[in-house]
Amino acid sequence: MNAPTTRRLTVAQALVEFLAHQYTERDGRRHRLISACWGIFGHGNVAGIGQALLESGDALPYLQGRNEQAMVHAAVGYARQCDRLSAQAVTTSIGPGATNLVTGAALATVNRLPVLLLPGDVFATRSADPVLQQLEVPSAGDVSVNDALRPVSRYFDRVTRPEALIPAALQAVRVLADPVETGAVTLALPQDVQAEAYDWPEEFFADRVWRVARPAPDAGALADAVHAIRGARRPLLIAGGGVHHSEAEEALRAFADATGIPVASTQAGKGSLRHDHPADVGGIGHTGTATADALAREADLVIGVGTRYTDFTTASSTLFAAPGVRFVNLNIAPFDAHKLGAASLVADARAGLEALTGALSGHRVAAAYEAGYRAAKEEWERRVDAAYGAADDSVRPSQTQVLGALDGIVDDTDVIINAAGSLPGDLHKLWRARSRRQYHLEYGYSCMGYEIPAAIGVRLAAPDRPVWALVGDGTYLMNPTEIVTAVQEGVNITVVIVQNHGYASIGGLSEATGGERFGTAYRFRAGDGTYTGAPLPVDLAANAASLGMDVLRAATVGELRAALVKARGANRPTCVYVETETADTVPGAPDAQAWWDVPVAETATRPAAVAAREAYDRHAAGRRRHL
């Protein structure tokens, strides 16, 4: 009998080789599980993972980043665009390089998006102890800064011996490929172990396919859901991000066409139906449309598909107000399917919607209900037109008019990326999504600085689609560094900088909660200690240009339209810079249509805070638990 074939490689070389042979498969289509590895090198990974990536060549392509958190954001943007079927890895040194991963890891796990993190770690052998950047914990010798990644990782392991890589790597890719379990996965790699050689079984490097199944709903649970839907007079479906991850948009359209049930969408689910579909009633919750939120308040049955019901969706448990309202939740994750005391349908979103449509054959909501929400939808569209429009092309645009100008030039292929500030609220209410992956809002973690690196990841996943990163001045200042990466790698993205000289979203929230916009403006400190002086002389357009972008400045609505058209046709990374009009006399997005619970000081001396607390108590009285 022949001895098993082995290959002598270092741990880092073996891991890179292993990752190059991992695949997912769904509906008969195969995808590389790990398509590339982002990296910034230091003493914790340069001679291990760095050397292995150099040797691997095209087997596992390398992408150079400038900021560790931003590299994770880029990988997350890539994974989302790929419907979670393909992902990327991120490697860092030990110390600050590793801890910079924590925010990105939290974002990935909160949003249920796969990313593989490969931080270096201190010596497993303790031959150099303490090593540069090592955290010493007197009560625990086996703790390193990488342990900060444990609570934000769906799987964590520290590979302290070469042979331990085999089970750790297999568990890591299992979690990455599992639509229920997926999120950030961390393999901490001590720098001495990375460079250690071992005789690896050849079968460790064979092609391995991780099949992503479409589990069908249980027959009894399906019958219960059908009974509930048939008995409802005012049903409302809420489409979450799971609709997109499952590629269930066509199944949802067929369900809406057959039943006439209106469809509202979360931030992650927007675009599940095209904006012009008769059943699409827009965003739901605190940043939702008047149409969707009015339907939610009166609904006797809420059908959640692929949503995890965040507080923005439920208006902090005040939105679904009808006495006796019940829930049916279709979700591949049992944890989410059972929320709000729902009748749960644990299944893939596409498989579940197809089963519901078939079982509901012949059922349709009352004509009066359908006519009512369609009329309300038409009224809301008139409000969108008013917010988007500008009477004069020579005036400075408002933020909503910036969105209107962009809306006027995009088609089904464009991707719009945003995450934080006041833009998510305006986009959720107003944006007319034209295709399944056009609307890319990271609102699970709402991380400032996500947009630019995520745009790079999306463009890498979809090189033929125009990609727009919409950022306010506050967000831009958090993380502009990956502009250099886009320029270096030739990744053609467009960054739209909306300059309003402060934190618009938090400024408005501060005012509403009695904080009087304290600490939210980018202005000089006045003599009385308040920040009410002139705007700071900061030129973000010049900054973007200094990082290598072509920059187009737009001072008026007309100039903005021209700049957006030019940027869309550009063949290299381009920035459109626009300073917006913030005067109260300029029409903006409609006010919030539902509440959001941000606790207000129970005792205060300033009148604004006292009044805000009174308003808070009135809203909070409407909270309820759905059991």
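Leaving aside its neighbours within four places in sequence, which residues is Arg-26 in contact with? The legends below take up this question and the sheet. The model is predicted: local features need pLDDT of at least 70, side-chain atom pairs count only at pLDDT 80 or more, and totals for chains, interfaces and linings use all residues. Residues are numbered from 1 along each chain as its sequence is written, and side-chain values use heavy atoms, with hydrogens and water left out.

View 1. Strands (E, at least two residues) and helices (H or I, at least four) are DSSP runs, numbered from the N terminus. Arg-26 has a relative accessibility of 6% and so counts as buried (under 20% relative accessible area, 1.4 Å probe, protein chains only). Beyond four places in sequence, Arg-26 is in contact with Asp-83, Leu-85, Val-212, Arg-214, His-245, Ser-246 and Glu-247 (contact means heavy atoms within 4.5 Å).

**View 2. The open sheet of 6 strands.** The order is β14-β13-β12-β15-β16-β17, with parallel pairing (two strands pair if DSSP finds at least two bridges between them). β14 (280–283) and β17 (343–346) are the edge strands; each has a single partner, so one side of each lacks a neighbour in the sheet. From one strand to the next, the twist averages 20° (angles run from 0 to 180 degrees between N-to-C directions, with axes fitted to C-alpha atoms, for helices over the stretch in contact).

**View 3. Strands β16 and β17.** β16 (residues 326–331) pairs with β17 in the parallel sense over 4 bridges. Val-328 stands opposite Ala-343 in β17.

**View 4. Helix α10 (residues 249–259) on the sheet.** Helix α10 touches β12 (235–239), β13 (263–265) and β15 (301–305). The direction of α10 makes about 170° with that of β12.

Conventions:
Buried < 20%, exposed > 50% of the residue type's maximum accessible area, 1.4 Å probe, protein only.
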